Amino acid sequence: MFDGVLFFPVTPFARAGHIDKAALAEHVGRGLDAGPGGVFAACGTGEFHALDPEEYGEVVRTAVETTAGRVPVFAGTGGPLPLAWRLSRIAQDAGADGLLLLPPYLVESPPAGLVAYTRQVAAASELPLIVYNRSNARYTPEAAAEVARLEKVVGFKDGVGDLDRLSRTVLAVRSALAGRDKPFQFFNGMPTAEVTVPAYRGIGVELYSSAVFCFAPEISHAFHRAVTTGDDATRDLLLRDFFHPLVALRDRVPGYAVSLVKAAVTLRGHDVGGVRPPLTDPAPQHLERLRRIVGTGLEIAARSGKEAVR
């Protein structure tokens with residue numbers, strides 16, 4: 001069972017184009033030292049879409065070896081069904097503790113098809129599985145309840161943001177699992193999830209993925225501390241002066257949800273390279289704006305940390 005801020009590391013690429021395993025190990029190690037509740041390797045922020053199976057295995061193995069059992073390591077899987085089968089087995093062989101099921105490739109899927117897809121991916125390995133409600137993989141409350149009954153499915157992550165439907169999904173899953181001794185958790189998986197944390201917490205979804213943790217764990221922890229202790233003033237200040245400006249910048253260019261994160265990691269002193277096409281690296285003027293936004297967030301986090309110690 002997860003608790004705290006969840007870390008979704010980026011995947012560093014060397015200038016020659018291959019995975020920079022040393023940079024990845026350093027990136028994961030720095031994140032671990034900041035105290036995440038779990039590591040999710042080769043997922044959305046880690047450019048899952050841009051990795052071949054061999055590279056995927058390198059990323060997962062490096063994350064597992066660097067983490068060394070300190071927190072759980074989950075790996076992304078998904079795409080075409082045969083590829084999802086293969087990646088799930090690679091993740092298991094690499095020592096991952098579980099899987100995050102990303103959407104199937106391109107096609108729109110009826111609920112029954114998503115249930116069958118989830119069932120077959122779950123059967124491909126011995127690892128527990130979190131399903132990801134996002135893009136073309138949108139589970140109805142009934143479909144979510146059906147997959148939640150599967151032995152290996154242990155979580156439901158939402159990246160759609162339809163709170164009415166998510167509320168019904170949460171209740172449907174809880175009803176389906178009533179009386180069963182089975183761990184199951186809900187996750188907020190929206191891009192820059194902190195912006196929607198107050199709303200998600202209102203319907204019982206308290207866990208969330210934090211891309212910001214990749215480059216500013218101080219800010220992530222300050223925000224998490226604020227929302228879990230009822231410090232509304234710090235929460236609102238971070239939302240207004242850091243997260244909302246970051247989202248406004250993110251929304252300028254498709255793919256910036258990943259590109260800005262990698263750029264910010266480099267801005268903070270650890271070069272992880274750029275993104276792979278079809279994503280693009282931030283324009284110079286956007287990098288300067290990013291630098292100012294991050295600086296503001298760090299100042300707020302530092303002040304809130306001092307106040308928390310008092």
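Before I compare any helices, let me say that an axis here is a line fitted to the C-alpha atoms of a helix over the stretch in contact, and that angles run from 0 to 180 degrees between N-to-C directions. Please also keep in mind that what we are looking at is a predicted model.

With that in hand, let us start with helix H1, which covers residues 21-33, and helix H2, which covers residues 53-67; their axes come within 9 Å and cross at roughly 45°. An angle under 35 degrees would count as roughly parallel, and one from 65 to 115 as roughly perpendicular, and H1 and H2 are therefore oblique to each other. Their crossing is right-handed. On the H1 side, the residues that meet H2 are Lys21, Leu24, Ala25, Val28, Gly29 and Leu32, while H2 brings Glu58, Val59, Thr62, Ala63, Thr66 and Thr67. Sorted by class, this contact has six nonpolar, four polar and two charged residues.

Let me turn now to the nonpolar core. As a general remark, nonpolar side chains in soluble globular proteins tend to be buried together. In this model the largest nonpolar core has 98 residues, and the members that touch the most other members are Phe40, Tyr56, Tyr139, Phe215 and Phe242.

Next comes a second pair of helices, H4, at residues 111-123, and H5, whose axes come within 9 Å and cross at roughly 20°. H4 and H5 are therefore roughly parallel to each other, and the crossing is right-handed. From H4 the contact uses Pro111, Val115, Thr118 and Arg119, and from H5 it uses Ala143, Glu146 and Val147. By class, that makes four nonpolar, one polar and two charged residues.

How many of the eight residues of H5 are buried? The count is six, so H5 is largely enclosed by the rest of the structure. The buried ones are Pro141, Ala143, Ala144, Ala145, Val147 and Ala148, and what covers them includes H4, strand E6, at 153-158, and H6.

Helix H6, residues 163-176, also holds Ala176, which is buried with a relative accessible area of 15%. Not counting residues up to four places away in sequence, Ala176 touches Ala145 and Arg149. By contrast, Ala176 and Val272, which are 96 residues apart in sequence, lie 43 Å apart in space, taken from C-alpha to C-alpha.

Is Ala137 buried or exposed? Ala137 is buried, since its relative accessible area is 2% and the cut-off for being buried is under 20%. Its contacts, once neighbours within four places in sequence are left aside, are Pro103, Pro104, Leu114 and Tyr132. Of these, Leu114 is 23 residues away from Ala137 in sequence, yet the two C-alpha atoms are 6.9 Å apart in space.

I would like to finish with Ser209, which sits in strand E8, residues 207-210. Ser209 is buried as well, with a relative accessible area of 11%. Apart from neighbours within four places in sequence, Ser209 is in contact with Leu6, Phe8, Lys157, Asn188, Gly189 and Ala193.

Notes: Residues numbered from 1 in each chain as written. Predicted model: local features only at pLDDT ≥ 70, side-chain atom pairs only at ≥ 80, totals over all residues. Heavy atoms only, no water. Helix = DSSP H or I, 4+ residues; strand = E, 2+ residues; numbered from the N terminus. Parallel < 35°, antiparallel > 145°, perpendicular 65-115°, else oblique. Left-handed = near helix turned anticlockwise from the far one by under 90°. Contact = heavy atoms within 4.5 Å. Nonpolar A, V, L, I, M, F, W, Y, C, P; charged D, E, K, R; others polar. Core = buried A, V, L, I, M, F, W, Y, C linked by side-chain atoms within 4.5 Å. Buried < 20%, exposed > 50% of the residue type's maximum accessible area, 1.4 Å probe, protein only.
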